[in-house]
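Let's take a friendly walk through this model together. Keep the sequence and the 3D view side by side as you read.

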Amino acid sequence: MEMITKMVLERPVVIYSKSSCCMSHTVKTLLCDFGANPAVHELDEVPRGREIEQALLRLGCSPAVPAIFIGGELVGGANEVMSLHLNGSLIPMLKHAGALWV
């Protein structure tokens, strides 16, 4: 868990993903299209990916990916990010975290 805490504080937006996950791809595309430039950690491609996945499950991410952190806080998965987008909260959250400058 300490590893996750350190990683999510390094950038305004952090996504834990798997390269084969279509929902991860959707969230990455959405955030990149806004210009958020998230740090993406593909758990099936990084060392200790399985360990990180287990830690995400312990944090309450179910399924473990995608797991999106904005401003160092766990937002949740694809459903939560899409809900924030649809209710107009996502862009202000990204701005507040320093991920967007507009």
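Helices here are DSSP runs of H or I with at least four residues, and they are numbered from the N terminus. By that rule, Leu 59 belongs to helix α3, which covers residues 49-59. Please keep in mind that you are looking at a predicted model.

Four strands make up an open sheet in the order β2-β1-β3-β4, and their pairing is mixed. At the edges you will find β2 (39-42) and β4 (73-76), each of which pairs on one side only. From one strand to the next, the twist averages 25°. Now look at strand β1 (residues 13-17) and strand β3 (residues 67-70): they run antiparallel and are joined by four bridges. To find your bearings there, look for Tyr 16, which stands opposite Ala 67 in β3.

Next come the helices that meet this sheet. Helix α3 lies across β1, β3 and β4, running at about 75° to β3. Helix α5 (residues 90-97) also packs on the sheet, where α5 touches β1, β3 and β4, and its direction makes about 55° with that of β3.

Let's turn to the charged side chains. How many salt bridges does the structure hold? There are four. In one of them, the side chains of Lys 18 and Glu 53 meet at 3.1 Å, N to O. This pair links distant parts of the chain, since Lys 18 sits in the loop between β1 and α2 (22-34) while Glu 53 is in helix α3, 35 residues apart. Is Glu 53 buried or exposed? Glu 53 counts as buried because its relative accessibility is 13%, under the 20% cut-off. Lys 18, at 24%, is partly exposed. Together with Arg 50, Lys 18 and Glu 53 are linked in a network of salt bridges.

Another salt bridge joins Lys 28 to Glu 42, with the closest N and O atoms 2.6 Å apart. Here too the pair links distant parts of the chain: Lys 28 is in helix α2 and Glu 42 in strand β2, 14 residues apart. Lys 28 is buried, with a relative accessible area of 14%, and Glu 42 is buried with a value of 14%.

To finish, let's return to Leu 59. At 39% relative accessibility, Leu 59 counts as partly exposed. Along with Met 1 and Leu 74, Leu 59 forms a nonpolar patch on the surface, and together they have about 240 Å² of accessible area.

Definitions and conventions. Residues are numbered from 1 along each chain as its sequence is written. This is a predicted model: local features need pLDDT of at least 70, side-chain atom pairs count only at pLDDT 80 or more; totals for chains, interfaces and linings use all residues. Side-chain values use heavy atoms; hydrogens and water are left out. Patches are made of residues with over 30% relative accessible area and no salt bridge: like charges are joined within 9 Å, nonpolar side chains (Val, Leu, Ile, Met, Phe, Trp, Tyr) within 5 Å. Accessible areas come from the Shrake-Rupley method with a 1.4 Å probe; for residues, only the protein chains shown count as cover. Helices (H or I, at least four residues) and strands (E, at least two) are DSSP runs, numbered from the N terminus. Buried means under 20% relative accessible area, exposed over 50%, partly exposed in between (1.4 Å probe, protein chains only). Two strands pair if DSSP finds at least two bridges between them. Axes are lines fitted to C-alpha atoms, for helices over the stretch in contact, and angles run from 0 to 180 degrees between N-to-C directions. Contact means heavy atoms within 4.5 Å.
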